[in-house]
Amino acid sequence: MITGASSGIGKGLALQIAARGGRLGLIARREEVLQEIVAEIKAKNGTAIAVGADVCDAAAVQTAADRIRSELGPIDIMIANAGIGVTDHAANLDPNKVTEVMSINVLGAVNSAAAVLHEMVERGSGQLVAISSLAGYRGLAKSAAYCASKAALSSFFESLRIDLRRSGVTVTVIYPGFIKTPLTAGRHAKMPFLMELDDGVQKILTAIEKGKRSYAFPWQLATVVRAGLIMPASMYDWIAERNSFRE
Ligand SMILES: NC(=O)c1ccc[n+]([C@@H]2O[C@H](COP(=O)([O-])OP(=O)(O)OC[C@H]3O[C@@H](n4cnc5c(N)ncnc54)[C@H](OP(=O)(O)O)[C@@H]3O)[C@@H](O)[C@H]2O)c1
């Protein structure tokens, strides 16, 4: 089960997993776009179904997961990928916009996990995957809502991972850097180590297959971001102000 499968990373994961014989339940709001992806998968003898749902609607996500289970069988892997990005300077702080980002990026992933977790725990197997971001490690310029949402998402799934030890259910948190998708397409600010979609998707798939607990990439940007974690705030602010990834 993949959320946010109508575009970018989610679509890329769907196509690559289908090519390896995986049976897919695809979720996003634009069901007609999902249907085109399903047709593409079926044309190559793959198996996929499209379920239109807004991840903010817990009941709709539960219904979607139930349909996937009834048509394709137990859900082995749930990839919580649906997310939005937003540029927001502190001076223009809009609580409605922050609520939207938190609802989709955090609560949407919570709803997705809740829709599959009880059955996975009962079965004693399964894997939850959260697509977080390197932006979740520390605050970045003009990105308060996005950074906060990814920090919350990472912590949430990390906590689940600890609770689920010895349950048979594993949790993988992925922290990508910049990947070429519609989410990054409109941005003109420099995006260091920007990756092609296929390369990013391949790295995510390998981490999922290996059952990694946590995977941050590309390594160059992940190293810089990790170094930021141990910097004093004054030094961090000086560097972060001069390296805004949003115009
Ligand atoms: N691209 C990057 O550089 C990058 C880096 C780090 C992390 N990420 C994360 O990777 C994930 C995918 O991003 P992307 O770059 O592939 O973006 P994208 O191409 O814009 O795709 C976002 C996907 O999320 C879905 N979505 C958004 N709101 C939704 C909602 N309320 N309910 C259901 N689905 C919803 C969209 O489908 P509908 O509009 O059809 O609903 C779409 O399929 C996001 O969580 C993003 O934060 C991306």
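**Charged pairs, a helix contact and the backbone**

Mentor: Start with Glu241, which counts as exposed at 61% relative accessibility. The scale runs like this: buried is under 20% relative accessible area, exposed is over 50%, and partly exposed lies in between, with a 1.4 Å probe and protein chains only. The model is predicted, so local features need pLDDT of at least 70 and side-chain atom pairs count only at pLDDT 80 or more, while totals for chains, interfaces and linings use all residues. Residues are numbered from 1 along each chain as its sequence is written, and side-chain values use heavy atoms, with hydrogens and water left out.

The side chain of Glu241 meets that of Arg242 in a salt bridge, 3.6 Å from N to O. That term means a side-chain nitrogen of Lys or Arg within 4 Å of a carboxyl oxygen of Asp or Glu. Arg242 is partly exposed, at 44%. Elsewhere, salt bridges with shared partners join Asp76, Glu119 and Arg123 into one network. The whole structure holds nine salt bridges.

Next, go to helix H3. Helices are DSSP runs of H or I with at least four residues, strands are runs of E with at least two, and both are numbered from the N terminus. Arg67 forms a salt bridge with Glu71, with the closest N and O atoms 2.9 Å apart. Why are these two separated by about one helical turn? They are four residues apart in H3. Arg67 is partly exposed at 33%. Glu71 is partly exposed too, at 43%.

Helix H4 has a pair of this kind. Glu100 bridges to Lys97, and their closest N and O atoms are 3.0 Å apart. They are three residues apart in H4, so about one helical turn separates them. Glu100 counts as partly exposed at 34%, and so does Lys97 at 32%.

Now put the two helices together. Two packed helices are described by the angle between their axes and the distance between the axes. H3 (residues 58–72) and H4 (residues 95–123) pack at about 45°, with axes 8 Å apart. Axes are lines fitted to C-alpha atoms, for helices over the stretch in contact, and angles run from 0 to 180 degrees between N-to-C directions. H3 and H4 are therefore oblique to each other. Under 35 degrees would be roughly parallel, over 145 roughly antiparallel, 65 to 115 roughly perpendicular, and the rest is oblique.

Which residues meet? Ala58, Val61, Gln62, Ala65 and Arg69 in H3 meet Asn111, Ser112, Ala114, Ala115, Val116 and Glu119 in H4. Contact here means heavy atoms within 4.5 Å.

Last, the backbone. Most residues other than glycine have a negative phi, and most peptide bonds are trans. Asn45 has a positive phi, near 65°. Asn45 sits in the loop between helix H2 (31–43) and strand S3 (47–52). At 75% relative accessibility, Asn45 counts as exposed. Phe193 also has a positive phi, near 55°. Its loop runs between helix H6 (182–185) and helix H7 (197–209). Phe193 is partly exposed at 42%. Finally, the peptide bond from Phe217 to Pro218 is cis, with omega near -5°. Pro218 lies in the loop between strand S7 (214–217) and helix H8 (219–229).
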